[in-house]
Amino acid sequence: MTEILTQPHREEPTVIEPEVRRALLPPFNNNCFVLVCPESNESVIIDAPSSPEAILELAAGTTVRYVVITHRHGDHWGALEAVKGATGATVAVHPVDAHALPVPMEYALNDGEDLAVGSLRFRILHTPGHTEGCVCLYTPGHLISGDTLFPNGPGRTMSPGDLDQVIESIHAKLIPLPDATAVYPGHGDFTILGREKTRLAQFLASPRDPALCGDVTWT
């Protein structure tokens, strides 16, 4: 399934709004996003889970500058080689997770730096916990959260220490962003950041099993 989630608008003339496109891909209900600069028609593909033909169709009519892989798990890069071959786009990933990809890293997603796509600027947020090299990308009004943050919970963790780490990542890097920010996760449905701030605060205020990890929900 592919869809256009947003069209650019001009409520604030100093902010360039991306067009956000999504394909929901098998077998794990992965989201692939294409964010398009309305001024240059350049784009960035976020994750390449499977079905390269669907991803290329989603990006059709744009000049793909980057394929960003949010983290090393194979369900997020199964179509990477084919998409890279068809577009010639630069493969971008956090250096810690780069070893797992089937093609070399060409651009390092370092925390706090900006990724430029036409007139758009995406702030890179390193958010370890689900994996050591998880990243999110932020541009005003829009957060690509990968497997760091889902509606009502973080990404799956393998140990209580990993859960602590992903909560710290969310608290330090994502919670300071505006409440109205739309959150586009690596799987399934979307959410609004203010909603997740409230749920996380409730979670942190409640007693927690020290062995808790895995598929955790805030409520």
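1. The predicted model contains an open sheet of 6 strands in the order 8-9-10-11-14-15, with mixed pairing. Strands here are DSSP runs (E, at least two residues), numbered from the N terminus, and two strands pair if DSSP finds at least two bridges between them. At the edges lie strand 8 (114-117) and strand 15 (191-192), each of which pairs on one side only.

2. Within this sheet, strand 11 (residues 142-146) and strand 14 (residues 182-185) run parallel and are joined by 4 bridges. Gly-146 has Pro-185 of strand 14 as its bridge partner.

3. The structure holds 5 aromatic pairs. Rings of Phe, Tyr and Trp (its six-membered ring) pair if their centres lie within 6.5 Å; planes under 30 degrees apart count as stacked, over 60 as edge-to-face and the rest as tilted. The pair Tyr-66 and Tyr-107 is edge-to-face, because the ring centres are 5.3 Å apart and the planes stand at 65°. Since Tyr-66 belongs to strand 5 (residues 63-68) and Tyr-107 to strand 7 (residues 107-108), the pair ties together parts that are 41 residues apart in sequence.

4. Tyr-66 is buried, with a relative accessible area of 15%, whereas Tyr-107 is partly exposed, at 23%. Buried means under 20% relative accessible area, exposed over 50%, and partly exposed in between (1.4 Å probe, protein chains only).

5. One aromatic cluster is formed by Phe-33, Tyr-184 and Phe-190.

6. On conventions, residues are numbered from 1 along each chain as its sequence is written, and side-chain values use heavy atoms, with hydrogens and water left out. As this is a predicted model, local features need pLDDT of at least 70 and side-chain atom pairs count only at pLDDT 80 or more, while totals for chains, interfaces and linings use all residues.
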